[in-house]
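Subject: Structure handover

Hello,

Here is the structure you will be taking over. Please open it first, then read the notes below.

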Amino acid sequence: MTRRATAIKWICYCLGALVLVLVQSAVLVHVRIWGVHPFILPSLAAIAASFEGKREGPVYALVLGLVCDTLFTGAFPCFYAVVLTLSALLAGQAARRLIMPGAVCSLLVSAAAMILTDLLNAIASSYAHGTPFAASLWLMARELLLSLPVAMLVHLAFSHVHRRFAGRRA
């Protein structure tokens, strides 16, 4: 793939993520079911990494995490940079070694990324504020059930970008 095509591909991923971050902060925070709202930030990193691999995905996730750290409050400083990068590393490995990238892979890596995010958040919350860990796990389960269907929107957007640029060679 040419440098120009590569740059356009990553600009498309970033613009898609920007739109979805805006949807997260403007729309999804107002949707409350079971006392939680859908949370798609971990899916943005994990799904992109499942399509683009173990090198490019974590770099994208790190940049996305730094942007999210400036926009959203995390459990500790640079929370999203850390958790999204770890999620992307795991998703990139899973998509290369365990399951072929696609809808099922996107669903699985999204679930893993959300669980990792919520577990780190629960541990930090339990340590810093004394929040009961069982309550955090119950919150995580409800958020996961509500967020996974919405994560498929991320899959649709990112799979379109991936397919658009998949056949291009240098």
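Start with cysteine 105: at a relative accessible area of 1%, this residue is buried (buried means under 20% relative accessible area, exposed over 50%, partly exposed in between, with a 1.4 Å probe and protein chains only).

A word on the source. This is a predicted model, with residues numbered from 1 along each chain as its sequence is written. Local features need pLDDT of at least 70, side-chain atom pairs count only at pLDDT 80 or more, totals for chains, interfaces and linings use all residues, and side-chain values use heavy atoms, leaving out hydrogens and water.

Disulfides: the whole structure has zero (a disulfide is a pair of cysteine sulfur atoms within 2.5 Å). Cysteine 12 is in none; its nearest cysteine sulfur belongs to cysteine 14, 9.4 Å away. Cysteine 12 is partly exposed, at 29% relative accessibility.

Salt bridges: the search finds one (a side-chain nitrogen of Lys or Arg within 4 Å of a carboxyl oxygen of Asp or Glu). Glutamate 52 pairs with lysine 9, and their closest N and O atoms are 2.8 Å apart. Glutamate 52 is in helix H2 and lysine 9 in helix H1, so the bridge ties together parts 43 residues apart in sequence (helices are DSSP runs of H or I, at least four residues, numbered from the N terminus). Both ends are buried: glutamate 52 at 10% relative accessibility, lysine 9 with a relative accessible area of 9%.

Regards

Note on methods
Helices (H or I, at least four residues) and strands (E, at least two) are DSSP runs, numbered from the N terminus.
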